[in-house]
Amino acid sequence: MLKVNEYFDGKVKSIALQTATLPATVGVMEPGEYEFGTSQKEVMTIISGAMDVLLPGDTEWKTIAQGESFEIAANVKFGVRMAGQTAYFCTYE
């Protein structure tokens, strides 16, 4: 069964699924700036739009474009911001 998740007053929505090898989510974020926390390693791939990310220990935002990915370690917080709707696919290890 698919599980729908909603965050930030519905501005971030995702659907959880199980791939052949890893749990994952596919979702969409409305324009804005958000902070997330991780409980396990995540690999996020942008499938539409673009996203600026501020990873733990970094002082500058980095732009991740459509088709690009980034990794986030377990048990950390990270920031994201986007100017337009952005779709992503995220796996969890």
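Residue T91 counts as buried, because its relative accessibility is 14% (buried means under 20% relative accessible area, exposed over 50%, and partly exposed in between, with a 1.4 Å probe and protein chains only). The model is a predicted one, in which local features need pLDDT of at least 70 and side-chain atom pairs count only at pLDDT 80 or more, whereas totals for chains, interfaces and linings use all residues. Residues are numbered from 1 along each chain as its sequence is written, and side-chain values use heavy atoms, with hydrogens and water left out.

T91 belongs to strand β10 (helices, H or I of at least four residues, and strands, E of at least two, are DSSP runs numbered from the N terminus). Leaving aside residues up to four places away in sequence, T91 touches L22, P23, A24, K41, E42 and V43, where contact means heavy atoms within 4.5 Å. Strand β10 spans residues 86-92 and is largely enclosed by the rest of the structure, because six of its seven residues are buried.

Strand β10 is joined to β3 (residues 23-29) by six bridges, and the two run antiparallel; strands are taken to pair if DSSP finds at least two bridges between them. Six bridges also link β10 with β5, again in the antiparallel sense. C90 of β10 stands opposite T25, and M44 likewise stands opposite C90.

Strand β5 comprises residues 42-48 and includes I47. I47 counts as partly exposed because its relative accessibility is 42%. Together with L2, V4, I15 and V26, I47 makes a nonpolar surface patch of about 420 Å². Patches are made of residues with over 30% relative accessible area and no salt bridge, like charges being joined within 9 Å and nonpolar side chains (Val, Leu, Ile, Met, Phe, Trp, Tyr) within 5 Å. A salt bridge is a side-chain nitrogen of Lys or Arg within 4 Å of a carboxyl oxygen of Asp or Glu. Accessible areas come from the Shrake-Rupley method with a 1.4 Å probe, and for residues only the protein chains shown count as cover.

An open sheet is formed by four strands in the order β4-β9-β6-β7, with antiparallel pairing. Strands β4 (32-37) and β7 (62-65) stand at the edges with a single partner strand each, so one side of each is left without a neighbour in the sheet. From one strand to the next, the twist averages 30°; axes are lines fitted to C-alpha atoms, for helices over the stretch in contact, and angles run from 0 to 180 degrees between N-to-C directions. Within this arrangement, β6 (residues 50-54) and β7 run antiparallel and are joined by four bridges. The bridge partner of A50 in β7 is A65.

Strand β1 contains N5, which is buried, with a relative accessible area of 13%. Apart from residues up to four places away in sequence, N5 touches V12, K13, S14 and A16. The C-alpha atoms of N5 and A73 are separated by 21 Å, the two residues being 68 residues apart along the chain.

The loop between β1 (3-7) and β2 (12-18) holds F8. F8 is not a glycine, yet has a positive phi of about 50°. F8 is partly exposed, at 35% relative accessibility. D9 lies in the loop between β1 and β2 and has a positive phi of about 55°, although D9 is not a glycine. With a relative accessibility of 82%, D9 counts as exposed.
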